[in-house]
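Hi everyone, thanks for coming.

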Amino acid sequence: MAEIIAKRRLAPQITLYEISAARIAQNARPGQFVILRLSEQGERIPLTIADFDRERGVITIVVQEVGKTTMELARYEPGDHILDLLGPCGTGIEIKQYGRVACVCGGLGAAPIYPKAKALRAAGNEIITFIGAQTAERFVFSEELAAVSSEMHYATDDGSYGHHGFVTDVLRKYLESGRTVDKAIAVGPVPMMKAVCEITKQFDIPTTVSLNAIMVDGTGMCGGCRVTVVGEIKFSCIDGPSFDGHQVDFDELTMRQRFYRQQEQESMQRHVCRLGGIE
Amino acid sequence: MKTRVEASKQAPHIRVKNFEEVNRGLTLEQAVLEAERCLQCKKPLCMDGCPVEVPIKEFIAALKEGQIDKSLAIIREKNSLPAICGRVCPQENQCEGLCVLGRRGQPIAIGLLERFVADHADKSRLPRPEVEPTGFKVAVIGSGPAGLSAAADLALMGHDVTVFECLHEAGGVLRYGIPEFRLPTSVVDEELEYVKSLGVKFEMNVAVGQTITVEQLWDEGYQAIFAGTGAGLPYFLGIPGENSAGVYSANEFLTRVNLMKAYLFPEYDTPIKIGRRVCVIGGGNVAMDAARTAVRLGAEKVTIVYRRSPKELPARAEEVENALEEGVIFECLASPVRILASDEGAVTGLVCQRMTLGDPDSSGRRSPIPIPDSEFTISTDTVVVAVGQGPNQVLLRNLQGVELTPRGYIAADGETGATNVPGFYAGGDIVTGAATVIAAMGAGKRAARAIDAYLREDKLQGTVTFPSQKLTQK
């Protein structure tokens, strides 16, 4: 059991939770994730650690309500307990001095990219952040990222803030203008990460992406999260979730992610109906 | 000579529609009759076949007198998980395989008797063993058969034992792997309760190596560690199409159903999708479990694809028979070549080639040889890959100083479980590779004995050497 100690709504349907989890905080590294389960009937879902504080023994997760469990979690308040919380899972990203690092994130991806940006900055890198969202009010973690970045580039789908269009357009323009970066990291929806990699490949920039494959146990035992990287099977949970983006088969990942869509919808609908019944 | 008892089983046409236990066990009358068949040999051979040294002769003698509680107390002196062992041990290769009655007739049904005693004894009436605490702290990594056996025995020796489990429920493969219809969750729960009653503490959701490192365990004051993390890393075939949607490792397939209860979706959140037709690749017990699970999930056609002949099937004969009774089709001497998928990536078929048998290989089994131009396709919606597992990675990847074997398992003494790091022991599948529940329990038992000797010897010398120092020296 892990206690939620703080909760803050960052944007519509996007919520930040601080959770008391001393052991996880103690050993967490940027890029790692937790597996959470809310009830005896609950599913296990992976969520990236958005921040951690070893002193306070607290980890932060940022969750968008996209399915049954995330919607259920949204009803949790400080003082409530999460039934099962496993972590830190995965390997985390390599933190070293690259020089100038482009952090490219879309939507909710801004939260998980933050600890990486922070650690890379602390390791002496210059951080250039490219952040995209559907609309201005849906930016998350942009202030935190701004605090560790020397430049911020914004994009919104509706043009309500920054560039009107994809964040990848901004990245492309930046690179085409002759400015260089030594390393890119990208976190966001699969199509976005794929687009980032197509661009950075042209400019020969090593790029690390963070994959959100479907997984059950998160400890290397089910293989449900397998992805093809350089033609080899890798498990996102123990080999990743960070991989060389230029080597990942994104189309396969997208296909595998869709496998349970119908069941996920069913589960969520059922949940919504039941909530309707209570209230 | 009287014939051996038969346990009643759920009829195939009924059991394919439920997840309840197939084997219903013995009645008291049957159990006593069977116990009476036991010759009570002066030098019982059966016990040589038991990795956890169950006093078989004695527990059967008590049962014969109708003293079921006493019988369980006798078993528990050596085995804390008899209801589990009675169900999943391959007794035909162990105790029953050595029973002298088997030479001319049928051996005593030792497994069924053990199960009967464990199921029917009045556990609330059995006094707890009295143990004098030693004050030594031992950490056990993994709550599967090896870890539970080690933990229970260490607790009985008076040590302060904490078991760390990375999943949300204890039991390891007993929980996520073996299906409800072979080993009900309630049986696992009950035996776990017994282990807890011995004073063993359990911490769930702790992946040693990630949540807490081995170094941190030493720092927290643990004076010995036993790693029983198992062989849970699923192997794949490496054939084209294997990452299509609808291709599962047996581990994923069984974990979804057993641990996460996907067969109760949407009551339970975790889904499983199988379509109408399922192919299971492999011929071991795990393959049988997966195939029989698929039948119960409602698959219309379930096919086991195995590259050798039926004679070489590594699964227990009983499980093969159960699968056949439940309508599972065996496509033997067939080896998968590639998996076909639709444009959306959904599985549509499994292409195999015919095999023939050549000379025996290193395992002693005749090796399969492909027959040229013999490809054929089995139409299927789901493929379950059950071709074996490797060592669980989470601990190993974060373990410094402990030697591994060339195959990537922990290098540990087969008798004591000792590794190159003093105080750090290992046993079960993480040492041997995937084997049986009972082999892992035997390793846990022997390691417990070695750990006890290690701790007490240190105590006699008046100093406890904390292995953390030795670890860093390495």
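Arg366(B) sits in strand β12 of chain B, residues 366–379; strands here are DSSP runs of E, at least two residues, and helices are runs of H or I, at least four, both numbered from the N terminus. This is a predicted model, where local features need pLDDT of at least 70, side-chain atom pairs count only at pLDDT 80 or more, and totals for chains, interfaces and linings use all residues. Residues are numbered from 1 along each chain as written, chains are lettered from A and ligands numbered from 1 in written order, and side-chain values use heavy atoms, without hydrogens and water.

Leaving aside residues up to four places away in sequence, Arg366(B) touches, among others, Arg308(B), Glu312(B) and Leu357(B), where contact means heavy atoms within 4.5 Å. Its side chain also reaches the backbone oxygen of Gly358(B) at 3.0 Å.

Now, the helices. In chain B, α4 (residues 68–76) and α8 (residues 110–120) pack at about 110°, with axes 9 Å apart; axes are lines fitted to C-alpha atoms over the stretch in contact, and angles run from 0 to 180 degrees between N-to-C directions. So α4(B) and α8(B) are roughly perpendicular, a word used for 65 to 115 degrees. Among the residues that meet there are Leu72(B) from α4(B) and Phe116(B) from α8(B).

Conventions:
A polar contact is a pair of N or O atoms within 3.5 Å; within protein, one must be able to donate a hydrogen and the other to accept it, and residues adjacent in sequence count only if both atoms are side-chain atoms. Angles under 35 degrees count as roughly parallel, over 145 as roughly antiparallel, 65 to 115 as roughly perpendicular and the rest as oblique.
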